[in-house]
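Visitor: I'm new to this one. Can you walk me through it?
Guide: Gladly. Have a look first, then ask away.

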Amino acid sequence: MYPEYMQESLKLVEKTRPERLKKSLSGEKVFTPMTDAERGEVLTKFHPDYKADARRKIRIGPNRGENITLEVADLLESHSRINPDDFDLSRVDYDTDVLVIGGGGGGAGAALLARENGAKVIIATKLRIGDANSMMSQGGIQASVNPNDSPAIHYLDALGGGHFDNKPDLVRALVMDAPLVIKWLEELGVMFDKDSNGNMVTMLGGGCSRKRMHSARDYTGAAIMRVLRDEVKNHPEDIQVIEFSPAIELLMDEGGQVAGAILYNLETEEYIMVRAKSTIIATGGFGRLHIKEFATTNHYGATADGLVLGYRAGANLLYMDSVQYHPTGAVYPEQILGFLITEKVRTMGAQPVNKFGELFVFPLEPRDVESSSFIRECTERGKGIITHTGRVGIWLDSPLIELINGEGAIQKQLPAMYRQYNRFDIDITKEPMLVFPTLHYQNGGLEINDQCETKIPNLYAAGEVSGGVHGRNRLMGNSVLDYNVFGRRAGIAAALNAKEVKLGKLTLKHIKRYERELQEADIHTDKISPMLLPNYTTPEVRARQLTAHYEGTLR
Amino acid sequence: MEEKTPSPKAKMISLYIMGKKYEVPEGSTIMGALEYAGYQLKRGCGCREGFCGACATVYRTTDDYKIKTGLACQTVVEPNMYLAQIPFFPANKALYDLDELEPSISTFQEIYPELFRCVSCNTCTKACPQDLEVMDYIQALIRGDIAQAADLSFDCIMCGLCAARCPAEIVQYNVAVLARRLYGKYLSKKGEYLESRLKEIKEHKYDKEIEEFMHMDRESFKKKYYARDIEKM
């Protein structure tokens, strides 16, 4: 139930619904999609990335002088958690062929494929294996499987969505591996939604020109991650999982090669060393940096640790000036602020409407365009709905879904969404959802090639922590695909590399060099990174903890 | 759109975190209350949106002898709640090679024999924060109905509350993931589209077209993109 002050607007949504439904059922487009010029205008005027203070020049490291997202620049211009002189490099706690940093979908896939290619693997992860954005993705995974579709059309859509900045070799890998990934996942036992002939149920995602969104109800990420985690756990002899132990720096050798990482046991507060012939960074994204103070859909651990590790070791960043805001984050009730409302809701026919019940944008524009038009509606046009806590949003008219797809469609295909709102006594089959853009995805990241190699020997990256495949805007369903495609590729490449590598004497000189760069650039800060975990306690409590000036976890 | 701890103006209520009393804002989730009180969560916190099962919590209210269960990120606090999180549960998980298994009751008899000790007490169902019919899927497996078990357990987030409460010491969520994997791999019907696309890719049918796209100048490629036809919803 929505409060009384929203009822007038809700009545207007109900009033315009029959007419909007009619148009939707007629098969014509419910709203005209934007042209290139219109997209450009709404993005530059309303996308948070284009705000004057959204970016600044980074003063140190391989990308020095480049404009990147402010919060990322601050994080990168921070001190290491350790003083290299305090660390005993003669004591190797673990020795392995492949070290995977991160226990999400990309890391799990990498570990499985590295194992298949003969490597002994360690997965080091900050929380539990499977605690990752991978688990939370709802809507789907893209793959061109239908007869009217092709990898080439998928390529076209992905590049257009990314504003033509995507790295071509990475997109080729993404679209060509996609059907293979679906097959691999099905053979591992992932249950995709299917029709009566056994073909996959596919839907249209934002910015896509063909129905190629494969789903597992609205638990797609969970369905995949549960299976990958189960499979990783089936191989304890080859894959060792070290939980609650985030990597806090990479190790290198005298020859400039990466040689493993230093982990931090969150519980005993010890630093431990893993020597590895190949190291894969699969730490995911940065939502918990709360860029521009946005709420986020992201996992608790999404604090960009991998960017810090890679950058200090000398790896390049690509497109770190670009942030994805998902158009539909929850605004009401307050307890679910910023939570993801899957794009599948619009895919199934729900429309974004303003406080007068007017549809104001094509519902399935690429995400940055859709988000920007929501912000325009709520700011310049003043047609948003304002809550009692002063937040603003627009309606996502979910009751249309059952009017289009038949009664029961929401409970059957969107059970997570139904359950989420039902916990707060809102029935989304009968009432719309109040939404506003929410911080969702790191479009850029560590630069890799199509074998997931960074420019530093023995260092690989896969999934959200890497950059290039999505250009400056990712399409729905391409991230689940990304971590599967590149997680697998990284695992294979790292295992093959491990057969050849000879490591030299271990060193942490790169940390000292980075420290020197901070000094030379005259950067004075008490910030320390990686931040590992965000801190959500109150300023009063932090003052009493004597930790008020720290970012994240520091002990 | 800042993620804030609840406004200090909110009405405060008392609750007990592992027996210690704290004042927290009314309307907070249990997770919000823990953080408001000053906890930096390590275990017991994951996706914060009800998908990962990290924040399984047991609690009791003063007027009731019953132990209740919920996800800390999804459960709103009540006055005088006594709560504790379950940081880890040493649950049994069988190791298996899915390729070697048969999608039949005998597989479960062999690798999860405790499944058949179910006494139909329904405690698992009552404990489930997803409101799944946990006992029903366990009973379905005992009858050998893997398809039904897979369907009923589909929305499981593997938080472990069912197993923590089960008197027969069944690990329902690990049994269920096996049921779903067997269904997905062996029992679900396979369509033709995927196989034929894989064959085309293997025969390099799309290599040339994508190669051309990769080398096209930006303006021509843009034209091609905006001229593409969009399939109807």
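Guide: Let's start at a helix end. Just after H6(A), His163(A) takes a positive phi of about 55 degrees. Helices (H or I, at least four residues) and strands (E, at least two) are DSSP runs, numbered from the N terminus.

Visitor: What should I know about the model and the numbering?
Guide: This is a predicted model: local features need pLDDT of at least 70, side-chain atom pairs count only at pLDDT 80 or more, and totals for chains, interfaces and linings use all residues. Residues are numbered from 1 along each chain as its sequence is written, chains are lettered from A and ligands numbered from 1 in the order in which they are written, and side-chain values use heavy atoms, leaving out hydrogens and water.

Visitor: Back to H6(A). How many of its residues are buried?
Guide: Eleven of its eleven residues. Buried means under 20% relative accessible area, exposed over 50%, partly exposed in between (1.4 Å probe, protein chains only). Among the buried ones are Pro151(A), His154(A), Tyr155(A) and Asp157(A).

Visitor: New topic. How many residues does each chain bring to the contact?
Guide: Chain A brings 112 and chain B brings 79. Contact means heavy atoms within 4.5 Å.

Visitor: And what area is buried between chain A and chain B?
Guide: About 8,600 Å², with 56% from carbon and sulfur atoms. Buried area is the accessible area (1.4 Å probe) that two parts lose on being put together, summed over both.

Visitor: Which residues of chain A lose the most area to chain B?
Guide: Phe164(A), Met191(A) and Arg226(A). Together they make up 9% of what that side buries.

Visitor: How many salt bridges are there between chain A and chain B?
Guide: The count is 13. A salt bridge is a side-chain nitrogen of Lys or Arg within 4 Å of a carboxyl oxygen of Asp or Glu. One of them pairs Asp229(B) with Arg210(A), with the closest N and O atoms 3.4 Å apart.

Visitor: How many over all chains?
Guide: The structure holds 57 salt bridges over all chains. Take Asp74(A) and Arg56(A), whose side chains meet at 2.8 Å, N to O. Asp74(A) lies in helix H3 (residues 70-76) of chain A and Arg56(A) in strand S1 of chain A, so the pair ties together parts that are 18 residues apart in sequence.

Visitor: Are those two buried or exposed?
Guide: Arg56(A) counts as buried, at 18% relative accessibility. Asp74(A) is partly exposed, at 24%.

Visitor: Show me another salt bridge.
Guide: Arg212(A) meets Asp149(A) at 2.8 Å, N to O. The two sit 63 residues apart. Arg212(A) is buried at 0% relative accessible area, and Asp149(A) is buried at 2%.

Visitor: Last one. How do strands S1 and S2 of chain B pair?
Guide: Antiparallel, over six bridges. Two strands pair if DSSP finds at least two bridges between them. Ile17(B) stands opposite Lys20(B). The hairpin has two residues between the strands, and Met18(B) takes a positive phi near 50 degrees there.
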